[in-house]
Amino acid sequence: MKFLLGTVGLVALGIVTPASAADLAARPYTKAPPPMVATIYDWSGFYIGANAGYGWSNRCLDVTAINGLGVVDAEGCRNAGGGVAGGQIGYRWQSANWVFGLEAQGDWANLRNSNASLFFPGDTWTSKTNALGLFTGQVGYAWNNALWYVKGGAAVANQRWDLFNTVTGIGLAQAERTRWGGTVGTGFEYGFAPNWSVGVEYDFLFRVSDSNTFLTPGLAGVGVTSITANTRSDVNMITARINYRFGWGSTRY
């Protein structure tokens, strides 16, 4: 009897096992994931941005003529400083790690100084730079989303010189000029989002000496109808910058 029950059990197990295997679903095929590829920041494209910072300047003035008659008077050199703020627009293109660009920058400025006149005792010279412009080319090297660059080109500045009576504050003479010169600079920029970058930049604006003829409405009563002076100055400027790059959303691989 035991032999018969064992035989029946083995036969039943043989029948059930193939059926259970047939009921199992086939394993689905899963494609292997693509290999990870690091994205590379792309600095190419047009951009627009804003900047703000501080500028300082060394300025010298020498009176060379009164009423057209030559004189020798070195009024001296003084430092001027103040805030700057403005914007920039440009275009960059990237080849491997090298980045090339063109940029135009314009800034409001408030660089002021004053010094007592030696030639006109009791009076004070003041100077002010109201605006600055830079038109430059750039060459830089990028480490992915970090960019270091140097720049150089032309610079323009609007500057005004005034002679005041120290006690009364009455204007005695003034001259205003827009002057061109050169500029060099360097900067570091960091891309913190696909279309945004921030940076810091230093610029040096240098200009040659320039002769100015001052209008003298406040000195006509003492017989001074014109003052000719040689003025020279340069500007140092450090600014923080933020840029938005158009069409910069696609990264390179």
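Strands here are DSSP runs of E with at least two residues, and they are numbered from the N terminus. This is a predicted model, in which local features need pLDDT of at least 70, side-chain atom pairs count only at pLDDT 80 or more, and totals for chains, interfaces and linings use all residues. Residues are numbered from 1 along each chain as its sequence is written, and side-chain values use heavy atoms, with hydrogens and water left out.

**Exercise 1. Find the strand that holds Thr178, decide whether this residue is buried or exposed, and list its contacts.**

Step 1. Thr178 lies in strand S6.

Step 2. Buried means under 20% relative accessible area, exposed over 50%, and partly exposed in between (1.4 Å probe, protein chains only). Thr178 is exposed because its relative accessible area is 53%.

Step 3. Contact means heavy atoms within 4.5 Å. Leaving out neighbours within four places in sequence, Thr178 is in contact with Val156, Ala157 and Asn158.

Step 4. Look at Asn158 again: 20 residues separate it from Thr178 along the chain, yet their C-alpha atoms are 4.3 Å apart. Their side chains are joined by a polar contact of 3.2 Å. A polar contact is a pair of N or O atoms within 3.5 Å; within protein, one must be able to donate a hydrogen and the other to accept it, and residues adjacent in sequence count only if both atoms are side-chain atoms.

**Exercise 2. Describe the surroundings of Asn115.**

Step 1. Find Asn115 in strand S3.

Step 2. Asn115 counts as buried because its relative accessibility is 11%.

Step 3. Not counting residues up to four places away in sequence, Asn115 touches Glu75, Arg78, Thr124 and Trp125.

Step 4. Now go to Glu75: its backbone oxygen lies 3.4 Å from a polar atom of the Asn115 side chain.

Methods
Helix = DSSP H or I, 4+ residues; strand = E, 2+ residues; numbered from the N terminus.
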